[in-house]
Structure formats: C-alpha cells, structure tokens
Amino acid sequence: QVQLVESGGGLVQSGGSLRLSCVASGSIFSITPMGWYRQAPGEQRELVAVITGGGSTTYADSVKGRFTISRINAKSTVYLQMNSLKPEDTAVYYCYAGSRTTPRVPDSWGQGTQVTVSS
C-alpha cells in the first residue's frame with residue numbers, strides 16, 4: 001500500500017495560483033502513475049490530471065492550459081501547478097497512486113487538501 005501526504009492547498013483570489021504537492025512512500029515511485037482528483041461540495045469526484053511513470057500527462061478539459069502536473073522521481077513527489085484559478089476550481093483535491101495497467105484508477109488516496117478560490 002502506498003502512503004500519500006498532500007500539502008499546498010489554501011485560499012486564493014480568482015486569477016491566482018497555487019501549487020499542490022504529494023509525497024509518496026511505500027512503492028516504486030518511478031513506475032507508479034500518479035494523479036489528482038477533486039471533489040466539490042455536492043459533486044462527484046472528478047479526475048483532474050494524470051502523469052505516468054514515463055511522464056505522459058492527461059488533463060480534464062476544464063483545466064487544460066491552466067494546470068500542470070509534474071513529478072520528481074528522486075523526491076517521490078508529484079505536483080499540481082494551478083494557474084488562472086477560478087471559483088469553480090474550489091474543491092478538496094486528492095492525490096492518488098494508480099497502477100501501470102489502470103493509471104486512472106486509484107489504488108491509494110491521500111487525505112485531501114482544500115483549495116478555495118474567491119471571486
């Protein structure tokens with residue numbers, strides 16, 4: 001089982017930026033697909049971005065061009081850089097670790113970090 005610890009959430013004004021971090025332990029990080037989901041109040045959890053062990057990335061249409069997912073394998077860390085934030089980006093953001101066969105399906109979850117964007 002992979003353990004994931006997130007940080008970097010907070011309150012920001014519309015148009016601002018935040019960077020989320022997620023440190024993983026208990027896996028061979030370099031080959032593990034990683035990603036971020038988010039869940040707004042009353043909404044289903046939504047896949048935001050995925051990065052494979054090889055560095056290929058996928059984004060939800062709602063965040064393309066604004067969010068960037070990246071990873072530093074030597075630090076077992078995945079990042080989500082969020083720019084041009086909008087109030088509709090307000091949600092709890094969850095880091096996850098997937099598997100090589102199903103990179104978008106979480107095997108492990110982080111505890112979540114709140115992102116609030118004020119208008």
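Hi everyone, let's start with a pair of strands: S4, residues 34–39, and S9 run antiparallel and are joined by six bridges. Here, two strands count as paired if DSSP finds at least two bridges between them. The strands themselves are DSSP runs (E, at least two residues), numbered from the N terminus.

A quick word on what you are looking at. This is a predicted model, where local features need pLDDT of at least 70 and side-chain atom pairs count only at pLDDT 80 or more, while totals for chains, interfaces and linings use all residues. Residues are numbered from 1 along each chain as its sequence is written, and side-chain values use heavy atoms, with hydrogens and water left out.

Buried means under 20% relative accessible area; exposed means over 50%, and partly exposed is in between, using a 1.4 Å probe and protein chains only.

Please keep Cys 95 in view. Cys 22 and Cys 95 form a disulfide, with their sulfur atoms 2.1 Å apart. If the word is new to you, a disulfide is a covalent bond between the sulfur atoms of two cysteines. The link between Cys 22 and Cys 95 is left-handed, with -80° about the S-S bond, and both cysteines are buried.

Next, the nonpolar core. That term means a set of buried Ala, Val, Leu, Ile, Met, Phe, Trp, Tyr and Cys residues joined through side-chain atoms within 4.5 Å. Which residues of the largest core touch the most other members? They are Met 34, Trp 36, Leu 80, Met 82 and Tyr 93, out of 27 residues. The elements giving two or more residues to this core are S3 (18–25), S4, S5 (46–51), S7, S8, S9 and S11.

Now for some charges. Side chains of opposite charge can pair when their charged atoms come close. For a salt bridge, we ask for a side-chain nitrogen of Lys or Arg within 4 Å of a carboxyl oxygen of Asp or Glu, and a search of the whole structure finds four. One of them joins Arg 38 and Asp 89, whose closest N and O atoms are 2.9 Å apart. Arg 38 lies in strand S4 and Asp 89 in the loop between S8 (77–82) and S9, so this pair ties together parts 51 residues apart in sequence.

Is Arg 38 buried or exposed? At 7% relative accessibility, Arg 38 counts as buried. Its side chain also makes a polar contact of 2.9 Å with the side chain of Tyr 93. A polar contact is a pair of N or O atoms within 3.5 Å; within protein, one must be able to donate a hydrogen and the other to accept it, and residues adjacent in sequence count only if both atoms are side-chain atoms.

Asp 89 has another salt bridge, this time with the side chain of Arg 66, at 2.7 Å from N to O. This pair links distant parts of the chain, 23 residues apart: Arg 66 is in the loop between S6 and S7, and Asp 89 in the loop between S8 and S9. Arg 66 is buried, with a relative accessible area of 11%, and Asp 89 is buried too, at 1%. Salt bridges that share partners join Arg 38, Glu 46, Arg 66 and Asp 89 into one network.

Last stop: Lys 64 and Asp 61 also meet in a salt bridge, at 3.1 Å from N to O. Asp 61 is exposed, with a relative accessible area of 65%.

Conventions: Helices (H or I, at least four residues) and strands (E, at least two) are DSSP runs, numbered from the N terminus. A disulfide is a pair of cysteine sulfur atoms within 2.5 Å.
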